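Visitor: I have a structure open and would like to go through parts of it. Can you walk me through some helices and a couple of residues?

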Amino acid sequence: MLTFAHPILLLLLLLVPAVWLLYRLARHARSRKLKKFGNPEVLAPLMPQVSKYKPAIRITLVLVAIGLLVVALARPWGGITEQTSNREGIEVVAAIDASNSMLASATNDENGPTRLASAKIMLERMLDAMSNDRMGLVAYAGEAYTLIPVSSDYASAKSFLSTIDPEQITSQGTNIAAAINNAIESFTNDKNIGKAIVLITDAEELENEEEVLAAVKAARGAGIQVDVVGFGTPEGSVINTKGGLFTSDSGEVVTTHLNEELARNIAKAGGGVYVNGSAPDALSVLQKQLKEVKRASLSTSNLVTHQELFMYFAALALLCMLIDAFMVNRKNSVLAKFTFFKKEATK
């Protein structure tokens, strides 16, 4: 059954009778002008090269071309085709440190971008590079919060990522153990799909290192890879907040340092890789490591589409226009030698 994507455009078929009417009016006006010079039958031998049939053939070609183009514009559909596609990927949960120390500079330049801003940019680039994988977000400081469980909704993940603000979190600290446990719960129960946690932190002011390593081992025991991305520098940097430099209870300006040794220990225990987020190849190294995670079928989708037929109508319309373009109203020199319609002599 022939259906159309834009059936309203079929109203343009009214152009066909409109053009035919204009053609008839033009032919009638031509006939009237010829009659001013004399009887058309007498004048006919004076115009031996004028064909009686080609004008009718040409207008027919034009009308057919217009009709075919209108049908092509309406996008005719034929039968329905069904396509099945399998999506293979992994599940990733990014656990991002939202403690006050993440407001410090990511480099030795105290006026440089903050650790949190650099981490957000890296995660956004990571999301942009994803196609089939699922990703979830966990934010943590003194406590951990699941912002979004693993999902293919990258737009929502970016939206939640942009809302992370340490100055809005009252429970401060660096509770990595809670972040890892929360991330584990954010995954699906499908054991066939490879899973990885990307821990983003400066690994400073850790509340309980033994508890963290226990959480990492639990994740590893569940088949989850733990990778660590460190932001900051071992030399340290001050923390710039909206209210000025961050100070301790005694009024001293706080300097925060990246604890790379602890970050490496976490990655090693989690069977993953540690990268410094400020390194030029940080994202590529992380993505290469994630490719080692077992990929499996995440979902099977059936896509039902209509068979497009507009190109056939457009091709026929083009053929009609090409024939008309090379056709002239003069008689064909070869066919003119033959008489196809001969009048009988009257007695």
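This is a predicted model: local features need pLDDT of at least 70, side-chain atom pairs count only at pLDDT 80 or more; totals for chains, interfaces and linings use all residues.

Visitor: Start with α6 and α7. At what angle do their axes cross?

Guide: Roughly 20 degrees, and the axes of α6 (residues 176-186) and α7 (residues 209-221) come within 8 Å. Helices here are DSSP runs of H or I with at least four residues, and strands are runs of E with at least two, numbered from the N terminus. Axes are lines fitted to C-alpha atoms, for helices over the stretch in contact, and angles run from 0 to 180 degrees between N-to-C directions.

Visitor: What does that make α6 and α7 to each other?

Guide: They are therefore roughly parallel (angles under 35 degrees; over 145 is roughly antiparallel, 65 to 115 roughly perpendicular, and the rest oblique).

Visitor: Which residues in α6 and α7 meet?

Guide: From α6, I176, A177, I180, N181 and I184 meet E211, V212, A215, V216 and A219 of α7. Contact means heavy atoms within 4.5 Å.

Visitor: And how are α4 and α9 placed to each other?

Guide: α4 (residues 115-129) and α9 (residues 282-290) have axes that come within 11 Å and cross at roughly 45 degrees. The two helices are therefore oblique. On the α4 side the contact is made by M122, R125, M126 and A129, and on the α9 side by A282, L283, L286, Q287 and L290.

Visitor: New topic: T201. Buried or exposed?

Guide: T201 is buried, with a relative accessible area of 1% (buried is under 20%, exposed over 50%, partly exposed in between, with a 1.4 Å probe and protein chains only). T201 lies in strand β6, residues 195-201.

Visitor: Which side chains does T201 make polar contacts with?

Guide: Its side chain joins that of D97 at 3.1 Å and that of Y140 at 3.4 Å. A polar contact is a pair of N or O atoms within 3.5 Å; within protein, one must be able to donate a hydrogen and the other to accept it, and residues adjacent in sequence count only if both atoms are side-chain atoms.

Visitor: Last one, R75. Where does R75 lie?

Guide: R75 is in the loop between α3 (54-73) and β2 (76-89). Its phi is near 55 degrees, a positive value in a residue other than glycine. Most residues other than glycine have a negative phi.

Key: Residues are numbered from 1 along each chain as its sequence is written. Side-chain values use heavy atoms; hydrogens and water are left out.
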